[in-house]
Amino acid sequence: MNAHPDHHIIVAPDDDGIARGETLMEVKNVSLAFGGVKAITDISFDVRKGEIRAIIGPNGAGKTSMLNVINGFYTPQVGTITFRGQERRAMKPHHAVRQGIARTFQNVALFKGMSTLDNIMAGRSVLMKRSIGWQMLWHGPALAEEIEHREKVEEIIDFLEIEHIRRTPVGKLPYGLQKRVELGRALAMEPSLLLLDEPMAGMNLEEKEDMSRFILDVNQQRGTTIALIEHDMGVVMDLSDRVVVLDYGKKIADGPPDEVKNNQAVIDAYLGVPH
Amino acid sequence: MAEAQTLPDTFPKYLLRNAEMFGTRPAMRHKDRGIWQSWTWSQQRDEIRDFATGLAGLGLKHGDKVAIIGANRPKLYWAVCAVQSLGGVPVPVYADAVADELAYVVSHADVRFAVVQDQEQVDKLNSFADRLTSLRAVIYDEPRGLVDYDKRALHDFEDVQEMGRRAQMADRQAATRWEEAIRNGSGEDVSIMLYTSGTTGRSKGVMLKAKNAVKAAQDTVTFDRLTEKDSVLAYLPLAWVGDHYLNYAQGYVAGFCMACPESGQTVAQDLRELAPTFYFAPPRVFEGLLTSITIRMEDAGKFKQRIYRHYIEVARKYGEAILEGRSVPASARASYAIGEILVYGPLKNVLGLSNIRVAYTAGEAIGSDLFSFFRALGVNLKQLYGQTEAFLYVTCQKDGEVRSDTVGPPAPNVDIRISDDGEVQFRSPGMFSGYYLEEEKTAETMTPDGYVKTGDAGFFDTDGQLKIIDRAKDVGKLSSGALFAPKYLENMLKFFPNIKEAVAFGDGREFATAFINIDLQAVGNWAERNNIAYASYQELAGHPLVYEMIAQNVEDTNRRLSAEPMMAAAQVRRFLILHKELDADDGELTRTQKVRRAFVADRYAPLIEALYDGSDVRFVETEVTYEDGRKGRISANVKIVDAPVFGAAQPVREAAE
């Protein structure tokens, strides 16, 4: 049979020995300040394996800073982050990538001149094992490796329904599709934790619906744990299992969407009650 | 004749025959994960057998209806044949139908099983679960998003095949029995039920018997000399008669390979990669291709533009003659051959038309320039006229006898007549056996002596080719009793690039007149080139030079009409250019951009009056709806212009003088 199985689903690497529902990452008493500006003050929360965890809050609440801390881009002055049972303080983003954390950006950060395919392939580079010498020869083991990675990339292309733009330079694509390609690149790393920084920002209703469906599918089918920052409250409440609410760098609520929605502190924060 | 009797009379019989005769030849291709996957006829038979056995295990019985909903996917086509092999009736449904329409068809057809593409279709069916009482199980192709669904009545296509394989392992005779049942299958069974799209009222289920469907396909396969070496790209809706006929029915009868695109949006790319030999597209697709070629050539360098223009001109002069094998001077042939290397070949290659042996277009009128353009490039583009009730073909053009303004002589073994009131009626091998559960409507559509009424008005031209002029109910008469076919006039006018829309009047009047909408893009371009300043559509529409240009178009139309005995009386004597574009927001067009003639006539009654009372100008004020829903009024003094009329015999007399 030359028809290859149509539905194998890639599952996130399960070598960390953490069962679904157990803590994958824990943020403990983290504080971050830039000079006198306190971006994050004493925040603690956890992300459980297999869930969709949302971090919300009004503008300037410290959401992106929080993501950057998780990602290793900022090092908090106080507090610890435990990921897959390993505690760490200072870390570089590429270490985060090796540990299985991938992210997308609020403002799309793709290689504009490269095709969709190449952008997603770039996401695989961290998993490629052949030396640069082999890669340059592009023969033998390097070629075999390329084919293997290309297969995974094609699965992602199929998954995100972007076959028609496979060869299109991403700079030419509409914003909604660029966001989808960026998600594809993050997925290509086969992360165990996927960080999404405002995945719906600047999208129209239809694009938001599509993106929501993809996020749910990634979570359900690939078993990827997702932590997302989002402005659109409707989206957050529909998608996520648990929500952390930040306001002025502090945590003001944490729990399931329904509970958070009715929390007075959250309502005040969003409606702008003076502090 | 002896051979004719042994020919299969159902599609599953053809499946078995093809698996034997063309076992190692490709039957199906599908681009998946960026790579073309293919299945040979014998592999296809196995896939279908496994699925059919699985379906039987789920309780599918002879006569059960099975809805097939989704895009062009191998598994959905296999489902069609699998259902037929068990004596069931596949009922393809348009994948983009809204849930309510879908539910109507599924419940009207008493569907017991549904084979669908993905979560979207499952959700649509689920949302009407209470209405779909006869639906026993749904089978899906793509599992994405369906993880958490209740799986009691929901199965993965591959799981059903696996069930079938297990059943065959448990009972070694199962496969033989399946083939035996196919061989004993009757051509009298309904092969497929196709729901008409239903522009008026609810859609109706057109039942087609296997032997009729097969016979029709055999005739056209012979007519176009299709063989197992041909190939097609199946990209039109599964539920449309054209897709089922051209790809499935002809594919099984001829044994050729059908390819399914990677997705709806990759069709152009997939077409280029495959370069099929048989191709069908509605006129608007060809129009889109020509537009994109023109735009891209305008962006090309001067040198390339000159080469392109030169050789397109050569093709225009000699291309069709060469295609039809008529005699052409040797120098022209040589020039065309160079053009083939420099322009036509690469162009056809980019469009995926390199290997086309037979291409058809149908559905609406096609402009002669557009039609000739593709034929001149060497694409054997022809026209056909068909209906779901005929299982597609009613007429089709023979190679070498092709014209843009007719749809051809009757297809093989089709009997056509024109009723006294001008309606086209036919009897054909592929004729339907009735509308499902609607005997009254079936009776309305059939004549007592067994012809099908098409609802289209038409006539046979002098060379025996049928010309469709309009829907029969829209055709009227001038007060002199001469035929007045508004759509025919409008189409002729609309073939001019400057004219975007036309509305013809004349039923019960002394002569024909027309409203005209200019094409803002085409006329705007022209204005720019000629330094004509304008601030709005209204201003441009009223410009004297624009009137002159349109008058020329109307005059040309009249000259053409005068050459047609049936139409000569309905030349456009007076016309005006409307001061605003007809718009769906104002109710003047339908959402599919068709003119609502009665509504327009009512709304612009003063203008029609002016067309007939001889005035030169008329003030008119109309309410318009802006895109954001606000209302406004625009008013204008609209000029009315007389157009020259040609007598049918006049050109001859002129020549004699």
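**Exercise 1. Strand β8(B)**

How many of the six residues of strand β8 (residues 190-195) of chain B are buried? Then find the partner strand of β8(B).

*Solution.* This is a predicted model. Step one: check the cover. Six of the six residues in β8(B) are buried, which leaves the strand mostly covered. Step two: look for bridges. Five of them join β8(B) to strand β9 (residues 205-209) of chain B. The two strands run antiparallel. B:I192 has B:L208 in β9(B) as its bridge partner.

**Exercise 2. Two helices in chain A**

At what angle do helix α3 (residues 116-124) and helix α5 (residues 140-159) of chain A cross, and which residues meet?

*Solution.* Two packed helices are described by the angle between their axes and the distance between the axes. Step one: take both values. The axes of α3(A) and α5(A) come within 10 Å and cross at roughly 120 degrees. Step two: classify the angle. That value makes α3(A) oblique to α5(A). α3(A) passes α5(A) in a right-handed crossing. Step four: list the contacts. From α3(A) come A:L117, A:I120, A:M121 and A:R124. They meet A:H149, A:K152, A:V153, A:I156 and A:I157 of α5(A). Step five: sort by class. The contact of α3(A) with α5(A) has six nonpolar residues, one polar and two charged.

**Exercise 3. Two helices in chain B**

Describe the packing of helix α13 (residues 302-323) against helix α14 (residues 330-351) of chain B.

*Solution.* Step one: the axes of α13(B) and α14(B) are 9 Å apart, and the angle is about 125 degrees. Step two: the two helices are therefore oblique to each other. Step three: α13(B) passes α14(B) in a left-handed crossing. Step four: pick out contact residues. On α13(B) they include B:I307, B:Y311, B:Y318 and B:I322. On α14(B) they include B:A332, B:Y336, B:G339 and B:L342. Step five: the residues of this contact divide into 13 nonpolar, three polar and one charged.

**Exercise 4. Residue B:I418**

Is B:I418 buried, exposed or partly exposed? Name its contacts beyond four places in sequence.

*Solution.* B:I418 belongs to strand β16 (residues 415-418) of chain B. Step two: count neighbours. B:I418 has 14 C-beta neighbours inside 10 Å, so it counts as partly exposed. A buried residue would need 20 or more. Step three: leave aside neighbours within four places in sequence. B:I418 is then in contact with B:V424, B:G458, B:F459 and B:F460. Step four: compare with B:T277. B:I418 lies 141 residues from B:T277 in sequence and 34 Å away in space, C-alpha to C-alpha.

**Exercise 5. Where the chains touch**

How many residues of chain B are in contact with chain A, and of which classes?

*Solution.* Step one: count each side. In chain B, 13 residues are in contact with 14 residues of chain A. Step two: sort the chain B side. It has three nonpolar, seven polar and three charged residues.

Conventions: Residues are numbered from 1 along each chain as its sequence is written. Chains are lettered from A and ligands numbered from 1 in the order in which they are written. This is a predicted model: local features need pLDDT of at least 70, side-chain atom pairs count only at pLDDT 80 or more; totals for chains, interfaces and linings use all residues. A residue is buried if 20 or more other C-beta atoms lie within 10 Å of its own, exposed if 12 or fewer, and partly exposed in between; C-beta atoms are placed from the backbone. Helices (H or I, at least four residues) and strands (E, at least two) are DSSP runs, numbered from the N terminus. Two strands pair if DSSP finds at least two bridges between them. Two residues are in contact if their C-beta atoms, placed from the backbone, lie within 7 Å. Ala, Val, Leu, Ile, Met, Phe, Trp, Tyr, Cys and Pro count as nonpolar, Asp, Glu, Lys and Arg as charged, and the others, Gly among them, as polar. Axes are lines fitted to C-alpha atoms, for helices over the stretch in contact, and angles run from 0 to 180 degrees between N-to-C directions. Angles under 35 degrees count as roughly parallel, over 145 as roughly antiparallel, 65 to 115 as roughly perpendicular and the rest as oblique. A crossing is left-handed if the near helix is turned anticlockwise from the far one by less than a right angle, and right-handed if clockwise.
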